[in-house]
Amino acid sequence: MDAMNSVELIRTRKSVRTFDGRVISQEDREKLCSFIDTIRNPYDIPVTFVLLDAAENGLSSPVINGEHLYIAAKVPKVPHCEEAFGYSFEQMVLYAWSLGIGITWIGGTMKRDIFEKAACATDDEFMMIVSPLGYPAQERAEVDIKLRNSVHGDERIPYSEMFFENNFMSPLTEQIDALEAIRWYPSAANMQPCRVVKVGNVFHFYEKHTMGYKAKVAWNVQKIDLGIALCHFLCVARGEFTISDSGIPTEEDTEYIATVKM
Ligand SMILES: Cc1cc2nc3c(=O)[nH]c(=O)nc-3n(C[C@H](O)[C@H](O)[C@H](O)COP(=O)(O)O)c2cc1C
């Protein structure tokens, strides 16, 4: 995916929860599988994808309709596994979207144990997220419309509240395409925890923990969101990825994640 193509994919992608019932074509399936083999993340942590037939494995989600296939992914239980997972899974999502395949990140609205068993997740791995894969239906099912409305799926935090210059006191006024690309990232319950402070040509990424939001899983779901944000940024602007906190003062609810130097 080149940068121009990425901007378009990032800007048009939406969670698809209603599918038209068609089975994914063999050609699209092969393309997706070949692409998955090329996916890497800046943490160099392997993320393994598994395609799962819904009927064969008894898989479903109360918010999804018309799907035949799911994709699940697993990551070793190591530091930064959430960000690495988010980064790699989002690459798969954007590529699938380029083929006209719809997806929805699902971390909550599913019977987790059934998916974990189907994906053969071991004790050393987290199977954090699954997604249906299918062709979007013309009209959305009622449960889909309701869910989308409840999380305000079409809305995003304003640029000036996400991006800052030099410190968290000064909103960034310069419009930067790679930052705009972050605004359209999917995030759990659309909470959008990513914040970025630009200092010259260096971009520091932070997670602003959403108060009271805690999923019942052993990992930090909002760090997955940060991995997705990093993926969008680095799809649009190439840069050197590091983890080294510059010590910019933050509020207690805000945690340093990573830095990208242009
Ligand atoms: C880590 C993660 C977990 C999510 N879990 C669910 C889920 O369990 N069920 C669901 O319907 N959507 C889930 N979503 C999708 C978000 O609700 C959706 O991305 C957000 O509302 C923004 O909408 P959009 O993806 O159409 O831009 C999840 C997204 C992320 C990134």
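These legends describe close-up views of a predicted model.

**View 1. An open sheet of five strands.** The five strands follow the order E4-E5-E6-E8-E7, and their pairing is mixed. Strand E4 (163–165) and strand E7 (240–242) are the edge strands, and each of them pairs on one side only. On average, neighbouring strands of this sheet are turned by 25° against each other, direction ignored.

**View 2. The pairing of strands E5 and E6.** Strand E5 covers residues 194–199 and strand E6 covers residues 202–208. The two strands pair in the antiparallel sense, over six bridges. Cys 194 stands opposite Glu 207 in E6.

**View 3. Helix H9 across the sheet strands E5, E6 and E8.** Helix H9 (residues 221–236) lies across E5, E6 and strand E8 (254–261). The helix runs at about 155° to E6. Of the 16 residues of H9, 15 are buried, so the helix is largely enclosed by the rest of the structure.

**View 4. The shell around the ligand.** The ligand is surrounded by 22 residues. The closest are Trp 105, Gly 107, Gly 108, Pro 186 and Asn 190. By class, the shell has 12 nonpolar, eight polar and two charged residues. Helix H9 gives the most to this shell, with four residues.

Key. Residues are numbered from 1 along each chain as its sequence is written. This is a predicted model: local features need pLDDT of at least 70, side-chain atom pairs count only at pLDDT 80 or more; totals for chains, interfaces and linings use all residues. Two strands pair if DSSP finds at least two bridges between them. Axes are lines fitted to C-alpha atoms, for helices over the stretch in contact, and angles run from 0 to 180 degrees between N-to-C directions. Two residues are in contact if their C-beta atoms, placed from the backbone, lie within 7 Å. A residue is buried if 20 or more other C-beta atoms lie within 10 Å of its own, exposed if 12 or fewer, and partly exposed in between; C-beta atoms are placed from the backbone. A residue is near a molecule or strand if its C-beta atom, placed from the backbone, lies within 6 Å of it. Ala, Val, Leu, Ile, Met, Phe, Trp, Tyr, Cys and Pro count as nonpolar, Asp, Glu, Lys and Arg as charged, and the others, Gly among them, as polar.
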